[in-house]
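Please examine the sequence and the structure shown below. The paragraphs that follow lead through some of the features that can be located there.

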Amino acid sequence: MSTSLLRHHLLAPATSCFLGVLSLATVLCFHFPELLTSREFRAIYTEDFARTLLLIGLAAAFFAGTIAVLRDQHRRMAFTGVGTATVAVLLGGTEVPFDGPVKDTPFSLGLDWFVLALFFSALVFIPLEHAFARRPVPVFRPGWRTDACYFFMSHVLVQLILILVTTSTSLVVSVPRWSSLSRPLVEAQQAWISDLPFVAAFLLAVFLADLAQAVLHRCYHRVMVLWRFHAVHHSSPELDWLAGSRVHFVETVLTRSIVLLPLLFLGFSTSVVNAYAVLVGIQAVVAHANLGIRFGFLEYLIVLPRYHHWHHARHLDYWDRNYAIHLPVIDMLMGSFKLPRDGSWPEEYGVLKRETVPVGILAQHVAPFLGQRTFDEYVR
């Protein structure tokens, strides 16, 4: 945890509250799997794994909460952790009956995906950011609640996002005019890609997807209508593993659709697309993380924290730079590559005029549809 967190004696009560709430959410997933768990994500983990993780979470929530109460450390937070863990136990705890298999439903929430993603992300990145922080940023920094809400929304609504992305890309890929005029070329291209070894196909998919994403990303910065949505992502005054979650819902759907489109159109296999999806999830968190590690020449091969932090810099010279999310070579080809050779980092993050983006997830989602600001009002 950060030094601020330790100094204010929040470690035990925060751990208890965090694990107590996640434990209760897990028990609810066992009670209402058709409604609260995602069909696609259920295939990744087992029931035994979920029950074991729940047991660990409950035990740790009770232990940390008890320690906090005995030491008189933020009792309200500690009692919240112990209380939610107690409710989880009363609702069945690790012994919740589960008949399975879960019936398929037209739509469900991804509460299970949220619980596991948040648990493991916090478990990995909070200690890493404490050990290798670029600069001291409290875990409960200003704006963390907003970013936590974005994290919750993007994971819980994962199936809705998948439906919207799949529908939009399928409509484009299946346009009859394209298939009739260029069918031989498309089929030859898809056959060539299907014959590639997995590693080669994966690397090609990363390059093409990153190129599509970077072109769209540049449009976000240069087209006023799109910038109103993208400004939300740039509005956080601090960067850490959670800050990357601050993305407007419209941007989330549009970006994933555009990035997925070339992969589907060219016929990449499901395994390659899934592997790319895993890479996106990992690298998006890493690129925003508060990690002051110098990676040397690797910073010119792979997008790492310092590279992407300069894209978020509250500095006019970098407002239109470093669009790639995976490969800096994309920016080199586009003429948008810019990285200080002296190893320096940005002093400030966020949009140049902070008052142009409101505070809070609801206001930030409404603002792009209401605002009529010009670029000058955002950046001058």
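This is a predicted model: local features need pLDDT of at least 70, side-chain atom pairs count only at pLDDT 80 or more; totals for chains, interfaces and linings use all residues.

Aspartate 72 is placed in the loop between helix 5 (47–70) and helix 6 (75–90). Its phi angle is near 60°, a positive value in a residue other than glycine. Most residues other than glycine have a negative phi. Histidine 74 lies in the loop between helix 5 and helix 6 as well, and this residue, although not a glycine, has a positive phi of about 45°. With a relative accessibility of 40%, histidine 74 counts as partly exposed.

We turn next to the interior. In soluble globular proteins, nonpolar side chains tend to be buried together. In this model, the largest nonpolar core has 36 residues. Leu263, Phe268, Tyr276 and Ile330 are the residues with the most contacts inside this core. Several helices each supply at least two residues of the core: helix 8, helix 9 (158–173), helix 11 (198–222), helix 13, helix 14, helix 15 and helix 16. Helix 11 gives the most, with 6 residues.

A search of the whole structure finds 14 aromatic pairs. One of them joins phenylalanine 151 and tryptophan 241, whose ring centres are 6.3 Å apart. The planes of these two rings stand at 80°, so the pair is edge-to-face, the term for planes over 60 degrees apart. Where do the two partners, phenylalanine 151 and tryptophan 241, lie in the chain? Phenylalanine 151 belongs to helix 8, whereas tryptophan 241 is in the loop between helix 12 (224–230) and helix 13 (249–265), so the pair ties together parts that are 90 residues apart in sequence. Phenylalanine 151 has a relative accessible area of 5% and is buried. Tryptophan 241, at 9% relative accessibility, also counts as buried.

A second pair consists of tyrosine 300 and phenylalanine 337. The centres of their rings are 5.8 Å apart and the planes meet at 35°, so this pair is described as tilted. Tyrosine 300 is in the loop between helix 14 (270–288) and helix 15 (305–311). Phenylalanine 337 is in the loop between helix 16 (328–334) and helix 17 (361–370), and the pair thus links distant parts of the chain, 37 residues apart. Are these two residues, tyrosine 300 and phenylalanine 337, buried or exposed, or in between? Tyrosine 300 is partly exposed, with a relative accessible area of 31%, and phenylalanine 337 is partly exposed, with a relative accessible area of 25%.

Phe114, Phe151, Phe152 and Trp241 form one aromatic cluster. Elsewhere, the charged end of arginine 51 sits over the ring of phenylalanine 30, at 4.5 Å from the ring centre. Lysine 338 lies over the face of tyrosine 318, and here the distance to the ring centre is 5.3 Å.

The next feature is an open space. Rolling a probe the size of a water molecule over the atoms shows where empty space is left. The second largest pocket has a volume of about 1,100 Å³. Of the 40 residues that line this pocket, the closest to its centre are Ala14, Phe18, Ile126, Phe140 and Trp144. Helix 1 (3–7), helix 2 (11–31), helix 7 (111–132) and helix 8 (144–156) each supply at least two residues of the lining. The largest share, 10 residues, comes from helix 7. By class, the lining has 31 nonpolar, 5 polar and 4 charged residues.

Leucine 36 lies in helix 3 (residues 33–36) and counts as buried at 13% relative accessibility. The C-alpha atoms of leucine 36 and glycine 343 are separated by 45 Å, and the two residues are 307 residues apart along the chain. Glycine 335 is in the loop between helix 16 and helix 17, and counts as exposed at 54% relative accessibility. Between the C-alpha atoms of glycine 335 and isoleucine 258, 77 residues apart along the chain, the separation is 21 Å.

Terms used: Residues are numbered from 1 along each chain as its sequence is written. Side-chain values use heavy atoms; hydrogens and water are left out. On a 1 Å grid over the protein atoms alone, a cavity is a set of points where a 1.4 Å probe fits but cannot get out, and a pocket is an open set with protein on both sides within 12 Å along at least five of seven lines; lining residues have an atom within 4 Å of a point. Grid points are joined across faces, edges and corners, and a volume is the space filled by probe spheres set on the points. Helices (H or I, at least four residues) and strands (E, at least two) are DSSP runs, numbered from the N terminus. Ala, Val, Leu, Ile, Met, Phe, Trp, Tyr, Cys and Pro count as nonpolar, Asp, Glu, Lys and Arg as charged, and the others, Gly among them, as polar. Rings of Phe, Tyr and Trp (its six-membered ring) pair if their centres lie within 6.5 Å; planes under 30 degrees apart count as stacked, over 60 as edge-to-face and the rest as tilted. Buried means under 20% relative accessible area, exposed over 50%, partly exposed in between (1.4 Å probe, protein chains only). A charge sits over a ring if NZ of Lys or CZ of Arg is within 6 Å of the ring centre and within 35 degrees of the ring normal. A nonpolar core is a set of buried Ala, Val, Leu, Ile, Met, Phe, Trp, Tyr and Cys residues joined through side-chain atoms within 4.5 Å.
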